[in-house]
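Trainee: Hi! Could we walk through this one together, starting with the loops?

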Amino acid sequence: MTTNSEPEPFVVMAKPTGPICNLSCDYCYYLEKTQLFGPDERFRASDAVIEAYVRNNIHDSAGPVVQFSWHGGEPTLAGIDFYRRIVALQRRYLPAGWSASNNIQTNGTLLNHAWAEFLAENRFTVGISIDGPAVYHDALRRDKAGRGSHARVMRGLSILRDHGIEPDVLCTINTVTVAHPLEVYRFFRDIEVSWLQFLPVVRRSTTGEVDALCVDPDAMGEFLCTIFDEWIRHDVGRLGVQNFLESLVIWSGRRAHLCTMAETCGRVLAMEHDGSVYSCDHFVDKAHLLGRMDDGLSALLDSSVQRAFGEAKRDRLPSVCRECPVRFACNGGCPKDRFAIAPNGEGGLNYLCRGYRRFFEHIDFPMRRMAALAQQGVSIANIMSEVSVINRGSPVHWPGIGRNDPCGCGSGKKYKQCCLRGAGPSFSM
């Protein structure tokens, strides 16, 4: 008998400058992590810490591509020479035939042509944070002098593109952007973003109450539904929206890639600048300190403490979640947001539950249809023409489906009683 000993996939979000950042975004949850360290902390990863990270990340990876993830704070504050040393270390420790895949998540304000040249030469992928048009972005993403950062971010984006780098864009759903879904989305479409992720802001005060910057769950759900309707009519295959395409992965019967949508979590660790390793980027606190990078990644990832942390996402679901028809897509969401009280009085409900349920129920029919298209080997972009026909109330012709067969839209009705007579479900819910 043989066993499969191949390591499970994992990611370590390394923070070479800790929580230090040149911006002071109102909703940032990470700036406060400076409180974990003493007043004389340097907030700069030493050569020894970084070498341990590179060596252990390679050693414990299944390969042949080893993922490296650089976050902050603001990771570009470490400087280009710091990352040159990273690349040199990777070349030293990578086995023959293996390669490193580096991703850096930046606010974009410090990027210049030297940075872009280095990133392009070493094939870094880049994530950049933009909260839509300047009027919304600058409302909450300002520097320490109170100045808006949008113009500097857009300059950074332009410089990256000059060097052939098309970054992924992260946009928060916050108290400002949530009220302007189409304006925010169309801004990204107009500047020809290719990959976009929407991330809701959930914050609590020191007393545990949601604070004024926390997005409203119902408004968040409406935000996602409104943008989805725009996307599925015009932009499938042109603009990738992570929230939608990761949902399609699940509707296609595959396991979620995103830990927030997966049944369990615990395979995305966070390493601070001093080499301390935590259960998750959202749980960088003393209670979730696993150890140090010197201890070895396998020992930390496979520890009973970390296994329990990841399995608690599934095991601590309240009964209302276990009985929910969209649990397969949501799985309770991120544990950091599961502090609300369910209608039956149970704790552990996701604060954003109403919004997510609204969104997942809204996209059910088109997701099923896109999954069917993909299974047939047909481009999911065909959904756009189908949406147009269905919403006009015109008959939809599904190839190879007889009048008395189940309708191709997945409604469960006979074809002749559904789309053949223009009575299929609408994409506007």
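Trainee: What kind of peptide bond runs from Gly72 to Gly73?

Mentor: That bond is cis, with omega near 15°. A cis peptide bond also joins Gly63 and Pro64, and there omega is about -5°. You will find Pro64 in the loop between H1 and S2.

Trainee: Before we go on, where do these values come from?

Mentor: This is a predicted model, in which residues are numbered from 1 along each chain as its sequence is written. Local features need pLDDT of at least 70 and side-chain atom pairs count only at pLDDT 80 or more, while totals for chains, interfaces and linings use all residues, and side-chain values use heavy atoms, with hydrogens and water left out.

Trainee: Got it. Which residue other than glycine has a positive phi near 55°?

Mentor: Arg123 has that phi. Look for Arg123 in the loop between H3 and strand S4 (125-129).

Trainee: New topic: in what order do the strands of the sheet come?

Mentor: The order is S7-S6-S5-S4-S3-S2-S1-S8-S9-S10, an open sheet of 10 strands with mixed pairing. Two strands pair if DSSP finds at least two bridges between them. At the edges are S7 (240-241) and S10 (289-292), each pairing on one side only.

Trainee: How many bridges join S6 to S7?

Mentor: There are 2, and S6 (residues 195-200) runs parallel to S7. Leu196 has Val241 in S7 as its bridge partner.

Trainee: And what does S1 pair with?

Mentor: S1 (residues 11-14) is joined by 4 bridges to S8 (residues 268-271), and the two run parallel. Val11 stands opposite Val268 in S8. S1 also pairs with S2 in the parallel sense, over 2 bridges, and Met13 has Ser69 in S2 as its bridge partner.

Trainee: Now helices. Why are H2 and H3 called roughly parallel?

Mentor: Their axes come within 11 Å and cross at roughly 10°, and H2 and H3 are therefore roughly parallel to each other. Axes are lines fitted to C-alpha atoms, for helices over the stretch in contact, with angles from 0 to 180 degrees between N-to-C directions. Angles under 35 degrees count as roughly parallel, over 145 as roughly antiparallel, 65 to 115 as roughly perpendicular and the rest as oblique.

Trainee: Which residues make the contact?

Mentor: Ile80, Tyr83, Arg84 and Val87 of H2, with Ala114, Trp115 and Phe118 of H3. Contact means heavy atoms within 4.5 Å.

Trainee: What about H3 and H5?

Mentor: The axes of H3 (residues 113-121) and H5 (residues 150-162) come within 9 Å and cross at roughly 45°, so these helices are oblique to each other. His113, Ala116 and Leu119 in H3 meet Ile159, Leu160 and Asp162 in H5.

Trainee: Last one: how many aromatic pairs are there?

Mentor: The count comes to 25. Rings of Phe, Tyr and Trp (its six-membered ring) pair if their centres lie within 6.5 Å; planes under 30 degrees apart count as stacked, over 60 as edge-to-face and the rest as tilted. One of the pairs is Tyr53 with Phe68, edge-to-face at 5.5 Å centre to centre and 80° between the planes. Tyr53 sits in H1 (residues 47-59) and Phe68 in S2 (residues 65-70), 15 residues apart.
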